[in-house]
Amino acid sequence: MKATGIVRRIDDLGRVVIPKELRSIHGLEERTPMEIFTEGDSIIFRAYNINKESEVSRKLKGLVELSEDSDYRAALTRAIEVIEKGASDE
């Protein structure tokens, strides 16, 4: 993580303003959906990526590598092909 030196307070409704400079740098516009993650004692905000196919495909590939059941591996491989074909059609 990279420190910015910027500090913001949480308002009475629990909101934190993301500084304009950071919004511009990261291409965040008004109404950009944000995902919220936690890691240890950190809260992480990331622009929500509506196109999740590549992430799902990557996770399924990991399951294929871990599986010893050939039928399960074949089913996962077919699912990956369907997901990746759908993503390339867009």
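Arg46 is partly exposed, as its relative accessibility is 42%. In this predicted model, the side chain of Arg46 forms a salt bridge with that of Glu35, with an N to O distance of 3.7 Å. Arg46 belongs to strand E2 (residues 42–47) and Glu35 to strand E1 (residues 34–39), so the pair ties together parts that are 11 residues apart in sequence. Glu35 has a relative accessibility of 16% and therefore counts as buried, the cut-off being under 20%.

Asp11 is placed in the segment before H1. With a relative accessible area of 29%, Asp11 is partly exposed, and Arg15 is likewise partly exposed, at 49%.

With regard to the chain as a whole, the protein chain contains 3 helices and 2 strands. Read from the N terminus, the order of these elements is α-β-β-α-α. The radius of gyration of the protein chain is 19 Å, whereas a compact globule of 90 residues would have a value near 12 Å. Along the principal axes, the C-alpha atoms fill a box of roughly 55 × 35 × 25 Å. Among contacts with a separation of 6 or more, 14% are accounted for by residues 24 or more positions apart.

The surface and the charges were also examined. The protein chain exposes about 8,100 Å², and 54% of this area is supplied by carbon and sulfur atoms. There are 15 positive and 18 negative side chains in the protein chain. The centres of these two sets lie 7 Å apart.

The loop between helix H1 (20–25) and E1 contains Arg31. Arg31 is not a glycine, yet its phi is positive, at about 75 degrees. The relative accessible area of Arg31 is 77%, so this residue is exposed, the threshold being over 50%.

Ser57 is located in helix H2 (residues 53–66). At 3% relative accessibility, Ser57 falls under the 20% cut-off and therefore counts as buried. When residues up to four places away in sequence are set aside, Ser57 touches Ile80, Ile83 and Glu84. Helix H3 spans residues 70–89.

Leu63 is also placed in helix H2, but its relative accessibility is 36%, so Leu63 counts as partly exposed. Leu63 touches Tyr72 and Leu76, again with residues up to four places away in sequence not counted. Leu63 and Arg73 are 10 residues apart along the chain, and their C-alpha atoms are separated by 8.0 Å.

Ala74 lies in helix H3 and counts as partly exposed, with a relative accessibility of 32%. The distance between the C-alpha atoms of Ala74 and Val64 is 8.3 Å, with the two residues 10 positions apart along the chain. Gly86 is likewise found in helix H3 and is partly exposed, at 31% relative accessibility. Gly86 and Lys59 are 27 residues apart in sequence, and the C-alpha to C-alpha distance between them is 16 Å.

Definitions and conventions: Residues numbered from 1 in each chain as written. Predicted model: local features only at pLDDT ≥ 70, side-chain atom pairs only at ≥ 80, totals over all residues. Heavy atoms only, no water. Helix = DSSP H or I, 4+ residues; strand = E, 2+ residues; numbered from the N terminus. Rg over C-alpha atoms; globule rule 2.2 N^0.38 Å. Contact = heavy atoms within 4.5 Å. Areas by Shrake-Rupley, 256 points an atom, 1.4 Å probe, with all protein chains shown as cover. Lys, Arg positive; Asp, Glu negative; His and termini not counted. Charge placed at Lys NZ, Arg CZ, Asp CG, Glu CD. Buried < 20%, exposed > 50% of the residue type's maximum accessible area, 1.4 Å probe, protein only. Salt bridge = Lys/Arg side-chain N within 4 Å of Asp/Glu carboxyl O.
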